[in-house]
Amino acid sequence: MMNDRPSIQGRRRFVAALGLALPAFWLTGCGRPASADRDTPFEPLKLADAQWREILTPEQYHILRREGTEPPFSSPLDKEYGDGTYVCAGCFLPLFSSEHKYDSRTGWPSFWQPIDPAHVGTKRDFRLIIPRIEYHCARCGGHQGHVFNDGPEPTGERWCNNGLALKFVPAGQPLPALRAAKDNG
């Protein structure tokens, strides 16, 4: 019995250390955009809160600027399968191509990859206690949705997007110019 005592205490110390280390591991990187330390091929768009309120509808403002979520199956873009490009509703940066869209049956437009990894930034999100990866437009910081590892090949990713955070531009139509800081429309 005496020989077992040190190993039980050792296991308890190990479990206690692990219990202290896991939250620190989970929180590493929390709230820091992944794109913050890399060069981007575009000028960031920074607007005052009042300007965003003028430009966006109240629903878009809630999603893009306050990290809200629209109800599932409420966006017409969930069932949009025409050829085209999905741009950020806040600044018009192209985020997704229709070539990468699929029906995830979740009620939100879903894609298996963005147009360009430099166009999205990510951070850990703990609002549901379980950590998730939130992503946003790398140009204006507008919240888009969350990325999960249950999507189709070739990436296995599901970029689950709020429809109100996007604008669909059909193929053949010109993409809107990137919104400038002085734009209001």
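Select E67 and K123. Their side chains form a salt bridge, with the closest N and O atoms 2.9 Å apart. (A salt bridge is a side-chain nitrogen of Lys or Arg within 4 Å of a carboxyl oxygen of Asp or Glu.) The pair links distant parts of the chain: E67 is in the loop between α3 and β1, K123 is in strand β5 (residues 120-125), and 56 residues separate them. Helices (H or I, at least four residues) and strands (E, at least two) are DSSP runs, numbered from the N terminus.

This is a predicted model, in which local features need pLDDT of at least 70, side-chain atom pairs count only at pLDDT 80 or more, and totals for chains, interfaces and linings use all residues. Residues are numbered from 1 along each chain as its sequence is written, and side-chain values use heavy atoms, with hydrogens and water left out.

**Stay on E67**

Is E67 buried, partly exposed or exposed? At 26% relative accessibility, E67 counts as partly exposed. E67 follows α3. Its phi is positive, about 55°, although E67 is not a glycine. Most residues other than glycine have a negative phi.

E134 is buried, with a relative accessible area of 1%.

**Move to helix α2**

Select D49 and R53. Here the side chains form a salt bridge of 3.2 Å, N to O. Both residues lie in helix α2, 4 residues apart, or about one turn of the helix. An α-helix has 3.6 residues a turn, so residues three or four places apart point the same way. R53 is partly exposed at 48%, and D49 is partly exposed at 34%. The whole structure holds 6 salt bridges.

**Look along helix α3**

Select α3 (58-66). Which of its residues are buried? They are Q60, Y61, I63 and L64. These buried residues pack against α2, β1 and β7.

**A buried charge: E70**

Next, select E70, in the loop between α3 and β1. E70 is buried yet has no salt bridge. The nearest side chain of opposite charge, K101, is 10 Å away. (Lys and Arg count as positive and Asp and Glu as negative; His and the chain ends are not counted.) What does the E70 side chain reach? It reaches the backbone nitrogen of G163 at 2.5 Å. That is a polar contact: a pair of N or O atoms within 3.5 Å, where, within protein, one must be able to donate a hydrogen and the other to accept it, and residues adjacent in sequence count only if both atoms are side-chain atoms. Leaving aside neighbours within four places in sequence, the contacts of E70 include I63, W108, N161 and L164.

**Into the core**

Select L95 and F96. These residues have the most contacts inside the largest nonpolar core, which has 28 residues. (A nonpolar core is a set of buried Ala, Val, Leu, Ile, Met, Phe, Trp, Tyr and Cys residues joined through side-chain atoms within 4.5 Å.) α2, α3, β1, β2, β6 and β9 each supply at least two residues of this core. The largest share, 3 residues, comes from α3. Not counting residues up to four places away in sequence, L95 touches residues including Y86, C88, I115, C137 and L166. In soluble globular proteins, nonpolar side chains tend to be buried together.

Select F92, in the loop between β1 and β2. Phi of F92 is near 75°, a positive value in a residue other than glycine. F92 is buried, with a relative accessible area of 11%.

Then select E153 and P154. Is the peptide bond between E153 and P154 cis or trans? The bond is cis, with omega near 15°. P154 lies in the loop between β7 (143-148) and β8 (158-161).

**Zoom out**

Show the whole chain. Its secondary structure comes to 3 helices and 9 strands. Buried residues make up 40% of the 185 residues.

How values were computed: Buried < 20%, exposed > 50% of the residue type's maximum accessible area, 1.4 Å probe, protein only. Lys, Arg positive; Asp, Glu negative; His and termini not counted. Contact = heavy atoms within 4.5 Å.
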